[in-house]
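Please look over the sequence and the model before reading on.

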Amino acid sequence: MDPEVALRKIIHIDMDAFYASVEQRDDPSLRGKPLAVGGSRERGVVAAASYEARTFGVRSAMPSATARRLCPDLLFVKPRFEVYRGVSEEIRAVFARHTALIEPVALDEAYLDVTENLLGLPTATAVAKAIRAEILERTGLVASAGVSYNKFLAKVASDHKKPNALFVITPAMGSDFVAALPIGRFHGVGPVTEAKMKRLGIHTGADLRAWAPERLREIFGSSAGYYHAVARGIDMRPVRAHRVRKSIGAETTFSEDTAAFEVLAARLAPLLDKVWAGAVAKGMRGRTVTLKLKFSDFAQVTRAKSLVAPVPDRPSLERIGLDLLAGLFPLRRSARLIGVSLSGFAQGEDEEPMQLGLGL
């Protein structure tokens with residue numbers, strides 16, 4: 001391993017059940033109860049679920065009707081993205097006390113490079129502890145943190161013992177930890193790819209590590225290099241504090257292909273939530289909405305609509321997205337992926353793409 005890379009100190013912060021936790025914080029009557037943020041109507045979708053709801057199997061991006069069947073006592077509240085953005089800004093102010101190298105991923109998630117931290121704390125673990133304590137004191141919310149020497153392992157670490165957890169993967173631990181890691185726990189391996197890997201006998205990082213790069217490229221194409229590296233605990237990506245974005249997008253791959261408009265519309269709803277939340281978090285407004293469908297044969301089609309003025313609100317974004325989807329019907333084949341993005345930002349806001357994927 002490159003000594004310079006091994007010396008990086010990366011923290012991944014992930015707020016626990018962020019939207020739901022904000023709602024429970026602000027309304028004490030919701031605390032300790034199964035809660036879903038999202039639409040309760042028949043075609044509504046869960047944008048976020050409290051941990052009380054998750055014990056019943058309720059998950060984000062799940063149709064609300066399914067969630068209610070799993071948990072008859074489930075409470076629904078409408079999303080308040082402006083409130084979530086304000087809380088996110090408070091959290092980022094905490095980050096900024098410790099480092100200038102902050103890479104936001106979403107309202108509730110960010111990577112921090114604390115190789116040199118601003119307060120002179122002795123270790124990255126000490127920085128992570130301080131950040132979690134400051135977030136709790138300032139917002140009343142709980143954050144999980146992962147600490148490691150690269151972004152991939154920091155992300156894995158933050159997920160490892162959630163909620164309310166701090167986990168560290170040292171350079172000495174990295175290789176063995178990844179070898180034992182179930183393939184479904186790899187960031188960037190969704191359910192469809194996980195199923196494909198398991199059919200090929202790849203169940204753990206050790207199994208993935210045994211594959212030659214050439215064979216990985218034959219099967220996984222452009223993702224092969226990433227899989228080959230992270231299977232060895234290697235991730236060279238730096239924390240990018242000033243990512244310039246040209247679009248904000250989200251997409252999801254289905255466990256089962258579908259050609260039903262109602263199903264695709266339901267899958268689109270949480271993506272629209274993610275895209276709008278990302279735009280609000282950055283204070284960015286775009287004029288162009290682009291919808292993408294990828295089919296079972298991996299062919300794909302896109303449709304876009306550009307407005308004279310920026311999309312004004314989340315309902316407008318949804319109307320445009322559904323109109324674009326309806327314009328593709330009837331479908332001649334089933335779709336395996338749907339995505340939506342917002343672009344055409346005002347001058348000075350143009351940045352490189354930010355993808356807010358959903359693991360469905």
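In helix 13, Phe261, Leu264, Ala265, Leu268, Ala269, Leu272, Asp273, Val275 and Trp276 meet Arg314, Leu317, Glu318, Gly321, Leu322, Leu325 and Ala326 of helix 14. Contact here means heavy atoms within 4.5 Å. By class, this contact of helix 13 with helix 14 has twelve nonpolar, one polar and three charged residues. Ala, Val, Leu, Ile, Met, Phe, Trp, Tyr, Cys and Pro count as nonpolar, Asp, Glu, Lys and Arg as charged, and the others, Gly among them, as polar.

The model is predicted: local features need pLDDT of at least 70 and side-chain atom pairs count only at pLDDT 80 or more, while totals for chains, interfaces and linings use all residues. Residues are numbered from 1 along each chain as its sequence is written, and side-chain values use heavy atoms, with hydrogens and water left out. Helices (H or I, at least four residues) and strands (E, at least two) are DSSP runs, numbered from the N terminus.

**Helix pairs**

The table sets out both pairs; axes are lines fitted to C-alpha atoms, for helices over the stretch in contact, and angles run from 0 to 180 degrees between N-to-C directions.

| Helix pair | Axis distance | Angle |
|---|---|---|
| Helix 13 and helix 14 (residues 314-326) | 10 Å | about 145° |
| Helix 5 (residues 81-98) and helix 13 (residues 261-282) | within 9 Å | roughly 50° |

The crossing of helix 13 and helix 14 is right-handed, and the crossing of helix 5 and helix 13 is right-handed too. A crossing is left-handed if the near helix is turned anticlockwise from the far one by less than a right angle, and right-handed if clockwise. Helix 5 and helix 13 are oblique to each other; angles under 35 degrees count as roughly parallel, over 145 as roughly antiparallel, 65 to 115 as roughly perpendicular and the rest as oblique. From helix 5, Phe81, Glu82, Arg85 and Arg92 take part, meeting Asp273, Trp276, Ala277, Val280, Ala281 and Lys282 of helix 13. This contact has five nonpolar, no polar and five charged residues.

Strands of a sheet pair through backbone hydrogen bonds, either parallel or antiparallel. Two strands pair if DSSP finds at least two bridges between them. Five strands form an open sheet in the order 5-6-1-7-8, with mixed pairing. Strand 5 (102-106) and strand 8 (166-168) are at the edges, each with a single partner strand, so one side of each has no neighbour in the sheet. From one strand to the next, the twist averages 15°. Strand 5 and strand 6 (residues 109-113) run antiparallel and are joined by four bridges. Pro104 stands opposite Ala110 in strand 6. Helix 5 packs on this sheet, where it touches strand 1 (10-15), strand 5 and strand 6, and its direction makes about 155° with that of strand 5.

Three bridges join strand 2 (residues 35-38) to strand 3, and the two run antiparallel. Ala36 has Ala49 in strand 3 as its bridge partner.

Helix 2 is mostly covered, with seven of its nine residues buried. Buried means under 20% relative accessible area, exposed over 50%, and partly exposed in between (1.4 Å probe, protein chains only). Glu23 lies in helix 2 (residues 18-26). Why does Glu23 count as buried? Its relative accessible area is 7%. Not counting residues up to four places away in sequence, Glu23 touches Leu30, Leu35, Val37, Val77, Lys78, Arg80 and Tyr84.

**Two further sites**

Ala124 is in helix 6 (residues 124-139) and counts as buried at 8% relative accessibility. Ala124 and Val114 are ten residues apart in sequence and 6.3 Å apart in space, C-alpha to C-alpha.

In helix 8 (residues 171-180), the residues Gly174, Phe177, Val178 and Ala179 are buried. Their cover includes helix 7 (151-160), strand 8, helix 10 (205-209) and helix 12 (224-230).
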